[in-house]
Amino acid sequence: MKYLVTGGAGFIGSNFIYLLLDERPGSQVVCVDSLTYAANIHTLNAAFNNPRFTFYKEDIRNRKGIFEIFSKEKPDVVINFAAQSHVDRSIEDPGIFLETNILGTQVMMDACREYGVKRFHQVSTDEVYGDLPLDRPDLLFSEDTPICTSSPYSASKAAADLIALAYYRTYGLPVSISRCSNNYGPYQFPEKLIPLMINNALNGKPLPVYGDGLNVRDWLYVKDHCLGILAVIENGKAGEVYNLGGHNEKTNIEIVRIILHYLNKSESLITFVKDRKGHDRRYAINPEKAGRELNWSPTTKFDDGIKLTIDWYISNMTWMNECTGGEYVNYYNEMYGNRG
Ligand code: NAD
Ligand code: DAU
């Protein structure tokens, strides 16, 4: 089996590549990534030592380049992780989100049609459902919850999902979609909540919590997400959507306190800053369909996963410093400089 993974130099895509190389020993893995700011090529160091791994630096928006890769590699299965993935950046500059997440996905599906790929899997997000109120803990997102997006990022992901389903119905392209909640774990770029807070705490810098810190996210360890995607590809039906999540809701301020406590740092580092525009209040996934049809459920408890994650960043400060050098300094100053 030959898998083509886009966005494999980023957070979840790289974890997925390592899962494939470990758990599908006969497989070939081709990674396509344009190496944006969110990628760190050193994330793939161990994969480059594996003869079953091939890497192409290419942009999913480049139709000619993508078709050439398909012509050469003839993948059986394509998993599309490549995306602009950070909500805050989408609020500052939506255009690149629409181009990458919508038109890039279309290029990938056109290549899959042309080369008869057996499954195109679109990695999507719970953010396509919008948000839930804090005072209704009984409400969860199911696959039938209406699409109701808030940010340019989530709107672009929802558009890609709808186009993928249109390609299934119109052209019979064997498409599947997974919609997952917030991931945490190794190799996450430190502009996202958990690695940003770990990095700042380790460096004794203020921890910027948006608004009142009471927004809720449903956290899932990245390996559990990757196992869920594999289950959808191998046992899920074409034309279907599967929600992946862990019933692990936490407020942002809880997360920040857990990190500070584990690192033995003072809560005086917590700084409440101006809220995100259009900030979704609560996400919560109902993953029953994936449990029932795919026998998938998360295995990593949050208490264990967060320790593994913090320990990983402590042991990989060189990787972290590669991410936070150069352009990151400008990004951080622009996003947080006048936020206080
Ligand atoms: P990430 O930002 O860490 O990585 C994205 C990768 O895609 C990077 O390596 C980047 O270089 C690459 N990329 C971006 N634009 C590209 C282009 N035009 N061509 C080729 N490569 C390009 O993202 P992530 O957190 O790993 O998310 C991966 C996918 O999972 C995304 O589609 C995201 O919407 C989805 N998702 C993420 C989460 C989460 O919590 N992080 C949760 C649910 C779904
Ligand atoms: O739900 C899945 C989504 O989770 C994915 O589709 C996105 O790609 C991924 O980035 C993530 O989106 P969020 O916006 O939830 O993640 P982020 O880490 O940016 O923020 C998590 C919460 O923490 C959110 O409520 C905003 C808050 N926050 C974030 C940052 C970076 C802060 O309070 N301070 C911060 O500095």
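Q: How much space lies in the largest cavity?
A: In this predicted model, local features need pLDDT of at least 70 and side-chain atom pairs count only at pLDDT 80 or more, while totals for chains, interfaces and linings use all residues. Residues are numbered from 1 along each chain as written, chains are lettered from A and ligands numbered from 1 in written order, and side-chain values use heavy atoms, without hydrogens and water. A cavity is a set of points on a 1 Å grid over the protein atoms alone where a 1.4 Å probe fits but cannot get out, its volume being the space filled by probe spheres set on points joined across faces, edges and corners. For the largest cavity this space is about 60 Å³.

Q: How many charged residues are in the lining of the largest cavity?
A: Lining residues have an atom within 4 Å of a point, and here they include Glu127, Arg217, Arg276, Lys277 and Asp280. Asp, Glu, Lys and Arg count as charged; Ala, Val, Leu, Ile, Met, Phe, Trp, Tyr, Cys and Pro as nonpolar; the others, Gly among them, as polar. Beside three nonpolar and four polar residues, the charged residues number five.

Q: Which residue has a side-chain N or O atom 2.6 Å from an oxygen atom of ligand 1?
A: A polar contact is a pair of N or O atoms within 3.5 Å. Gly10 places a polar backbone atom 2.9 Å from an oxygen atom of ligand 1, and Ser34 has a backbone N or O atom 3.2 Å from a nitrogen atom of ligand 1. The side-chain contact at 2.6 Å belongs to Tyr153.

Definitions and conventions
1 Å grid on protein atoms, 1.4 Å probe; cavity = no way out; pocket = protein on both sides within 12 Å on 5 of 7 lines; lining within 4 Å. Polar contact = N/O pair within 3.5 Å; in protein donor to acceptor, adjacent residues only side chain to side chain.
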